[in-house]
Amino acid sequence: MTSTLNQITLQHYLAVGGIMFVIGMIGFMTRRNLILMFLCTELMFQGVVINLVAFGAYHGNFAGQAFTIFVLVIAAAEASLALGLIVLLFRHKATLDADAWRELKG
Amino acid sequence: MQDLWIVQHSYLIPLLPLIAACIAGFFGARILKGQSHWPIWLGVGAIAVLSVALLFQTVGLLGHGAPPVRNSDSGTHAPVASATEHSDAKTVSAVYRAFTWIAAGDPKNAGTNEYFEVAAGFFFDPLTVTMLCVVCGIGFFITVFAAGYMKGESGYWRFFAYLGLFIFSMTCLVMGDNLIMLYLGWEGVGLCSYLLIGYYYEKPAAREAAKKAFLVNRIGDFGFGIGIMLAFAAFGTVSYFGADGYTPGAANGLLELAALPKMGMTEFQIQVLNWLPFLLMLGAFGKSAQFPLYVWLPDAMEGPTPVSALIHAATMVTAGVYMIARCGTLFVGNEAAMITVAFVGAFTALFAGSIALRQFDLKKVFAYSTVSQLGFMFVGVGVLAPVTGVFHLVTHAFFKALLFLSSGVVMHAMLGHLDMRKMSGLKAVMPKTRWLMLIGCLALAGVVPFAGFWSKDEIVASAWHASPLLGIVMLVTAFVTAYYTFRLYFRVFEGPKVVPDEPHPDHHGHGDDHGHDHHSHDAHHHHNHEPALMMIPLIVLAIGAVIAGLALWQGHRLGHFLGQSPSFVGAFELARDTYNAKADGAHMVNPVVFGQQEYRSESVVKAEHTSHYIFMAVSTLIALSGIGLAYSLHLKDRPKADRLALLLTGVARAMENKYWVDELYQAVIVEPLRRVGEIFFTLDKYFVDGLVWLAGFVPQLGGFVLKLTLQRGYVQGYALSMALGIAIILLVVFL
């Protein structure tokens, strides 16, 4: 059992982070609901965070984790902004559908 | 001659008229106005005085050295001087260099065509002094006349400013010590001619005439320019006699290098010398209105009459003759070129004379007469008799200016009319002008003892000596000249009195300040026709027209004077070396007409006198018969002239319409060029401008495409684009 666990290398963590990032990106691109699109951006953030922490553990210092705290703070601030914007957008169109804003083309 | 004050300060001669022109130009419009003639009078007057003083000083410097050693005369006709005789001929010349104008290339290469140096330099010799006196002296008197003639014109200041500029250019032309100074003056006088012909620029005909003059001149100047460039390429200098002036036996300048024996020259130099005279003569034909580039001169009569007198009779048009006389050594060695000059001159003389026979506008008659007389001068220089050409230049300047200015007085009195069919018997109306014009006409027709007789006779004699055909053509032309001149005189001044009532529509209102009604008065009651300001110059010119010929001819005075010019000495020696070896006794180069009297032998002197008297008699006879014919057709029995014209109606119409040469040029040259121009214009408008439009359109198109594809307003689409963009960048960077 320990031998299989020791097979977990950096690449596995990076893969997880990458997969989470890609899932978030695909979700962002295909979702129509504004709040769910935002949720996917948060998911992208977390994918990046996992990568950062993995690199931190790999190099054996706290730089990755320190940077992660930065990212989480920024994610939180951005969350407030984004949700505020979504509320304002909802007030205009009474819908959370991103397609409602298609007329901003050209 | 180098030490003369005038030579050391010769920069004044171009400078004073230039300053005068600037003063008149800058201050004339607002400040000087009707007094704008003062700067020009002072400037040109000062240099006229300087020129005459220089003339006297130069005459004083002339040597009368012993004739050089020559073979004893064995009774043949041959003028002596063997081909190998070195030049001992005395010359008088000086060079003054104000500053170095152009210096291009490495000075170590001076003398080769790797180093181009042009100095603002002036070369003085008897030829220069002669030309200067003609230009400045006659120029001054014409400016005096013009002040009276142009009085009351709007743009008075403009006229005098341009006149000053013209005198500046003309002095640069005749005084320049290299071909580039000559060309500077050449172009300058062309420009001033354009400006002055187009003086009445509101009149469309004047604008067209000005353009025509400039463009036709330009064709000649093109050949001239190429000639100068080739001369530099072949000989490495454009200076006439080098930086230190003429030294006998040295070969520093172009004119001396061209006269060196052909054996010492490179193939290129010999080739250039074959073509150079033809290129240079193109310029001379353009400037001096010879066939086929004469068409601008009659149209140039649109300009004010003083302009016609100064520029198109006395000075500018003689620049071509001066150039050939100056650059004698470039021409005389090339037999084909000399023949061309002589025959083109003769043809033009007869051709233009025949057109003048049926012209009714006073100034047009004199314009064609000028073309014809210039033809005489070219014949003179073309038959290796440059002294005769310059002699005729001087006398012609006097009487032609006189004739033009008199026409101006007539035009003023006739309220702008110049058509001789509308006026007659003016001797009652303007007696002083009548006598002055009669003097001018007698001089032009070549009646002894007036000026034109002596110079024309010399040319006819030299032409006959060279080729009897040429002699006959010139004699016929002399007859024609006498006829048309007196046709004009008899029609206008003699006979019953007829004056036009109405002013000519183009006549400019000088009379407005007299406060009376033009239209209801007979011209007889008009203001003084012959104001002093206009009469005095005419009287001076008339005196010249009477005595100048005899004074210069008698004792070979002008020949002696010009013969001490390095140009004439060089030309004579080259001609002698080139032709005497091949010619038989009768066709040896005549030293007299090069001014080299010392080279003649006794028997030649005697033979000359006899043939001269024969020619004088023949010329006089011809002139008198021309006058006689004019008398019978235009005074005694005027309707006979009209009947004769009806009889020969085809010929008469051809002459009247100038043989349709202008129309021919219009159809063959101008119209095709205009079509080509229109084609290029269309090409430019659609193709070239189209390309530019395309260059502006492509980004627009790109933007439009992007707008339609990428900016759909679809947020997820934007995100996808971002992701794709990053992917592409990463692929490019890491692969």
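Tutor: Helices are DSSP runs of H or I with at least four residues, strands are E runs of at least two, and both are numbered from the N terminus. Residues are numbered from 1 along each chain as its sequence is written, chains are lettered from A and ligands numbered from 1 in the order in which they are written. The model is predicted, so local features need pLDDT of at least 70 and side-chain atom pairs count only at pLDDT 80 or more, while totals for chains, interfaces and linings use all residues.

Student: Good. Where is Met265(B)?

Tutor: Met265(B) sits in the loop between α8 (254-257) and α9 of chain B.

Student: And is Met265(B) buried, exposed or partly exposed?

Tutor: Met265(B) counts as partly exposed, because it has 17 C-beta neighbours inside 10 Å. The cut-offs: a residue is buried with 20 or more other C-beta atoms within 10 Å of its own, exposed with 12 or fewer, and partly exposed in between, with C-beta atoms placed from the backbone.

Student: What is Met265(B) in contact with, leaving aside its neighbours within four places in sequence?

Tutor: Leu260(B) and Ile270(B). Contact means that the C-beta atoms of two residues, placed from the backbone, lie within 7 Å. As for Met437(B), it is 172 residues from Met265(B) in sequence and 54 Å away in space, C-alpha to C-alpha.

Student: Switching to helix packing: how do α7 and α9 of chain B cross?

Tutor: Helix α7 (residues 204-235) and helix α9 (residues 267-287) of chain B have axes that come within 7 Å and cross at roughly 155 degrees. Those axes are lines fitted to C-alpha atoms, for helices over the stretch in contact, and angles run from 0 to 180 degrees between N-to-C directions. The angle therefore makes α7(B) roughly antiparallel to α9(B). For the wording, under 35 degrees is roughly parallel, over 145 roughly antiparallel, 65 to 115 roughly perpendicular, and the rest oblique.

Student: Which residue classes make up the contact of α7(B) with α9(B)?

Tutor: There are 16 nonpolar, seven polar and two charged residues. Here Ala, Val, Leu, Ile, Met, Phe, Trp, Tyr, Cys and Pro count as nonpolar, Asp, Glu, Lys and Arg as charged, and the others, Gly among them, as polar.

Student: What about α18(B) and α19, at what angle do they pack?

Tutor: About 150 degrees, with the axes of α18(B) and helix α19 (residues 468-493) of chain B 5 Å apart. α18(B) and α19(B) are therefore roughly antiparallel to each other. On the α18(B) side the residues include Lys456(B), Ile459(B) and Trp464(B), and on the α19(B) side they include Leu470(B), Met474(B) and Leu475(B). By class, that contact has 10 nonpolar residues, one polar and one charged.

Student: Which non-glycine residues have a positive phi?

Tutor: Among them are Leu384(B), with phi about 60 degrees, and Trp660(B), with phi about 55 degrees. Leu384(B) is in the loop between α15 (362-382) and α16 (386-413) of chain B, and it counts as buried because it has 26 C-beta neighbours inside 10 Å. Trp660(B) is in the loop between α25 (649-656) and α26 (661-710) of chain B; with 12 such neighbours inside 10 Å, Trp660(B) counts as exposed.

Student: Last topic, chain A. How many helices and strands does chain A have?

Tutor: Four helices and zero strands. The radius of gyration of chain A is 18 Å, well over the 13 Å that the globule rule gives for 106 residues, so chain A is more spread out than a compact globule. That radius is taken over C-alpha atoms, and the rule is 2.2 Å times the number of residues to the power 0.38. Of the 106 residues of chain A, 12% count as buried.

Student: And how many residues of chain A are in contact with chain B?

Tutor: 11 residues of chain A, which meet 10 residues of chain B. The chain A side has six nonpolar, two polar and three charged residues.
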